[in-house]
Amino acid sequence: MTVKTSALEEIIYTDGFMDLTSLGGPSKVQLDTELLKQTVAVKDTVSAGIKNIPITLVDQYGNAHKQNATIEVKARTYTGDKLDFDWDEARIYFALTDRFKDGDPTNNENVDKDQLEAYHGGDFRGMIDNLDYLQELGINTLWITPIVDNIDFNKGDGFKQYGYHGYWAKDFTKLDEHLGDMETFKELIEKAHDKGIKIMVDVVLNHTGYGLKAEDKEPTITAEDKARFEGMLRTDGVSADTDPIKGELAGLPDFKTEDPAVREKIIAWQTGWLDNARTERGDTIDYFRVDTVKHVEDTTWKAFKNALTSIDPNFKMTGEYFGGTIDSNGGMLETGQMDGLLDFGFNDAAKDFTDGKVNSVDSYLQERELKIDNTKMMAQFLSSHDEDGFLSNYVDGDKGKLKIAAALQITAKGQPVIYYGEELGKSGKKAGDMSKGEFNENRKDMPWDQLTAEKPLHDHYQKLLNIRAKYSKVYSKGTRTKLAGSDDLGYLAFNKYYGNENVVTAINTNNSVVSATIPVPFVPNSSVTDEYSGKTYTVSADQKVIIDLPSRDDGGTVILSGVSKVTPTPGGAVVNPTTPADTQVISEDSLKNGKDGKVQIEIASGKTSILLPLHAAQTLGTDDLVLKVGDLLVTIPNKLLSTIPSLASGVDADGAQILLELKPLIQSATKALIDGLNKEMGTVTSLSDVFELRLSILKKDGTRIVVKKFDEPITISFKIKGQSNKDLLGIYYLGDNGELEYVGGQLNGDVISTQVTHFSKYAVLEIVKSFKDVPSTYWAFHAIQSLAAKQIVSGVTTTEYDPKSNVSRAEFTALLVRALGLKAEGQVQFTDIKSDAWYLSYVATASKLGIVSGRSNDTFAPNASITREEMAVMVIRALEVKSVKKIEPVAGSKAFADASSISKWADSYVKAAAELGLLQGRGNNHFAPKGWMTRAESAQIIYTLLSK
C-alpha cells in the first residue's frame, strides 16, 4: 500500500494509521510516515472482492487527513504442485548447516570436529545428499543458518571459536566458502523444490561480525572489509542492555539502521540474494528467518518487508523476537513487519504437559490457536541453537516425555519447528561461560550413527509429521475443541475441524496404557482409523469410541480419522456437533428465579467457557448475570446481554449462542508475562491468576463474532491471593504487545473490583516502582510510589522522579483527570492550546466538569507553573466531582499567617482544602499561595484526594 500526498503548504505527517478490518486485520495499524508505504496481509477467511481500506494521516497541527484505498482480494486457487502450500502449513526443519552433514571435504578450512566452537565441515552438498531423509521425515521447509561470508579469525581466548553458525558476517554479498559455491547452493534450492521442500534462509540486519570497526585490529580482517561498513556502524559502545535498538548485542558492531542510507544498503544486500540465488528455471529462496528483530526499529522492518513484497508478494518472514509469544510479540505481527515469530513460550507449556498439567496446557493451546492465523503466525519449537535442549534440560533425558511433547507440538496450530537431530535424541545445554569450557552442547553434529538405535523416536516424529502432512489444512487452520481428559486422567483428547473434516487427537502423559472413552464427531456405528498405529475402532450409537492409549514411552498418541457426522445448514456450512469438554452449557432454566437483581452461576471445576442462549437477556428478565469461576466473579449487566443478539442477524443468528470464555493463563505463560513486566515497571507481583476473558457469538458453523467493546461496563472481581501492600495493588489490563494499563480497583476485604469496557487479559498486580531520587525516608515517598503503581504519575526517566521541580497547569490537570478515572476527550476553545497538544483532551474534560478554568476567557497558560492557590481550587473542584456534592469551608477553618495574600477567588477553596487535610503550609504557618507546586506536593495532594 503506497500513500502519495500533496498539499498547498508544507505539512509534516506525525502519525498515520490504516483500518484493515476488511482484510481481517486490526482496526488501527500504524502507518510509517517516513516510508508512506506498507505491506498488508489478508486473512484467509476473507472472501474475494473489492475491499475498502480507510487511511488517516495526522499532521503537525493535529489535523486528521482521511482517504480510502481499495484492494481487490482474489480467491486462493491451488495448482496441486508440491510447493503450493500455505504459509501456515509449513513443517520446518532447522539445521545448522555446519553441523548437519559434511558432503564436500574440499571446503573444510579450520575444521576441528573435536572442538564444539570450531567448524565441523557441514555444507550445502551434505544437505543435498540428505534431502530424501527430510522428505521422508515429513518436512516441507528447510531452515538453514546464514549463508553470507563470515569472519575467519578465531574469536576464542584460549579455545577455538569461529563463525561456523553464520551470524558473524563480514560480507553480506558473498557466500561463505565453508558452505560451497553458488552453483551448489542453487542445486540445493532446485533439488529441495523438486521434493516439495522450500528453503528458508537465516538473515541478520542488526550487526556485523566482530573486528570490523575502524579501530579494531583483528587478523584476517582487511582494510577493504572495514571500508565496506564505513559510516554504517555505531561508535558509542552503548550496550543493547541499555538501549535494545541502538545498543550493541554481545559486543557485535551495530548497524545504524535508523539512518535511511544505511537501511537502504543493508536491505539491498539481503534482498539481493533472491536474484543472486535464482536458478535458470526461476527457483530461488522462499522464506527468511530474521535474527534479533527486537534490536532493530520498526521502520527498517517495514522497509525490508516492502522490498521483499515488491520482488515476490508470496515471500514470508518469521522473526526471532527473543522471548516472544503470541501475547508478547513486540508489535511485530499484523503491522507490515513479520509474517510470523518463533514461539518462545511453547516449550515451557510442553514441559508442563509432560508433567501432567493437562487442563492448563489445553486452555493455553485453545487461546493460542484462536489468536494465530496466516497473517500472524507462530512457529513452535522444543529446542533450538540458542536454548537448552528439551530432552536434556526440560525432561531430564526422558524420551517418553519428549515423544508426547513432540505430539503436542506437531498437532498444534502454528508451524512446528524440528531442531536437527532432535528426532534422533540429540540434545544438550546451551553455552555458558566459554572461558570455563561451557560450550554449546546443543550444537553437536547431526547423529547419523543413531538412526538404528533411535529408530522408535525417529519413527514417532516421522509418523506425526506425515499425518500432519496428510491433514495439513485441518491441523493448520482447523478449529480446536477439547473432547476429554484432565490432570487426574492424565490424557488429553481434542478434535480439529476444518471444512467438512474432523481429526481427533489423543495424547497420554501416563507411563502406562490407559483405556479412554472419547466422544467423537463421527457417524455412529462407523469405523474409524488410528492414523498413528493403523488400528480401527467402531463408533458407538452415542458417538463415542473406547481406545487404548499407549504409554508415553510407546508414543502416547492416537489420531482418529473417519466419516464425519455433519448437518448441512441453509448457508452450506457444516456443523461440528461436539461441545468442547471445557465448556459448560447454561440452560434457560438456570437463568430464571434470580435473587436481589441477579442470577449467579458457579462454573464447574475444569470448565473455562460457558455457552448461553443467544436471547439470555429475555430469560433473565431484569436480572444481571453473575458468573463465578474460581476466585473470579464476572457480572454482566442485563442491558449488555440484550444488545448482543443484534450483532447476529439472519442466518448468523440461527442456532447461535453466546460464548463467554474465562480462561486462566498457564503458570509458565503467567511467569513469562510477569517477568517481562518486571524489566519495565519495577517489581511486579501477581496476586491473582491472569485471566483471559473473551465474549463472542458462536455461530452454528463454529465461527465467531467477537464482541470487542461494551456499551455497558462489565464488573470483574478478584479474590486477592497472599499478602500485599493494598496501597500498591490494582487490577490491570495486560495487552498483547506488552502494554500494561491500570483499570482501577475498589477494595472490599480481600476482594478487589473494577469495571471494564473490553475484554482481554486482566490480573491483580502489586507494583513496587522506585526512583533513586525518592528514598524511602522522603516525606512524599508513599504517595509517589502508590500513584506510580496506578500509572497516575510517572518519572522523568525510568529511574528518576525529580520531586522538587515545578508542575505545569496542564500536567496537574492531567493528573487529576487520571486520578479520578475520567475519560479524557473533547476539544477546547483556548487559543494557546494546539490541536495536537498531548494535554488537550485532559483540559477539555476538566473544563467541561468545572475542575479547571482558563487564566482568561481564551487562554489557559498550559505550560505555566501552577500556583499553590490554583491547585487548591482545582483539587476541591475535583473532590466535588468525585463526591458529587458541593464542598464548603466550615466555621473556624484553619487560618494561615499569610492569608491576606491569598486571592479572593481562591480563599474559600484554600480554607476547605486545609480543613480536609488536602494541603498543608510550607512552614511558619505560611501557605505561600503564589508559590509554585512541586511534583512531590502534587503527588501527595492527589494521593490524599483519592482517600476522601
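**Reading the model**

Mentor: Leaving aside its neighbours within four places in sequence, Asp352 is in contact with Lys357, Val361, Ile666 and Ser668; contact means heavy atoms within 4.5 Å. Before we go on, a word on the source: this is a predicted model, in which local features need pLDDT of at least 70, side-chain atom pairs count only at pLDDT 80 or more, and totals for chains, interfaces and linings use all residues. Residues are numbered from 1 along each chain as its sequence is written, and side-chain values use heavy atoms, with hydrogens and water left out.

Trainee: Thanks! Does Asp352 count as buried or exposed?

Mentor: Buried means under 20% relative accessible area, exposed over 50%, and partly exposed in between, with a 1.4 Å probe and protein chains only. Asp352 has 10% relative accessibility, so the residue counts as buried. Asp352 lies in helix α8; helices here are DSSP runs of H or I with at least four residues, strands are runs of E with at least two, and both are numbered from the N terminus.

Trainee: How many residues of helix α8 are buried?

Mentor: Helix α8 covers residues 346-354 and is mostly covered, with seven of its nine residues buried. These are Phe346, Asn347, Ala349, Ala350, Asp352, Phe353 and Thr354. Just after α8, Gly356 has a positive phi of about 90 degrees.

Trainee: What should I expect for the length of a helix, say α12?

Mentor: The expected span is 1.5 Å times one less than the number of residues. Helix α12 has 16 residues (455-470) and should therefore span 22 Å, which agrees with its end C-alpha atoms being 22 Å apart.

Trainee: And which residues of α12 are buried?

Mentor: An α-helix has 3.6 residues a turn, so residues three or four places apart point the same way. In α12 the buried residues are Leu457, His458, His460, Tyr461, Leu464, Leu465, Ile467 and Arg468. They pack against α3 (131-137), α11 (399-410), β14 (415-419), α13 (472-477) and β22 (557-561).

Trainee: Let's turn to strands. Which way do the residues of β11 point?

Mentor: In a regular strand the side chains alternate between the two faces of the sheet. In β11 (residues 316-319), Lys316 and Thr318 point one way while Met317 and Gly319 point the other way, and all are buried. Strand β10 (residues 287-290) runs parallel to β11, joined by four bridges. One of the pairs is Arg289 with its bridge partner Thr318 in β11.

Trainee: In what order do strands come in a sheet of six?

Mentor: Two strands pair if DSSP finds at least two bridges between them. Six strands make an open sheet in the order β24-β26-β27-β32-β36-β35, with mixed pairing. At the edges stand β24 (598-602) and β35 (746-748), each with a single partner strand, so one side of each has no neighbour in the sheet. From one strand to the next, the twist averages 20 degrees; the axes are lines fitted to C-alpha atoms, and angles run from 0 to 180 degrees between N-to-C directions. Within this sheet, five bridges join β26 (residues 624-629) to β27 (residues 632-636), and the two run antiparallel. Leu625 has Ile636 in β27 as its bridge partner.

Trainee: What is the pairing in the sheet of four strands?

Mentor: The order is β2-β1-β3-β4 in an open sheet, and the pairing is antiparallel. Its edge strands, β2 (29-30) and β4 (64-73), each pair on one side only. Five bridges join β1 (residues 13-18) to β3 (residues 49-59), and Gly16 has Leu57 in β3 as its bridge partner.

Trainee: Where does Tyr78 lie?

Mentor: Tyr78 is in the loop between β4 and β5 (92-95). At 40% relative accessibility, Tyr78 counts as partly exposed. Leaving aside neighbours within four places in sequence, Tyr78 is in contact with Asp84, Asp86 and Lys473.

Trainee: And where is Pro775 placed?

Mentor: Pro775 sits in the loop between β37 (761-768) and α17 (781-789). With 39% relative accessibility, Pro775 counts as partly exposed.
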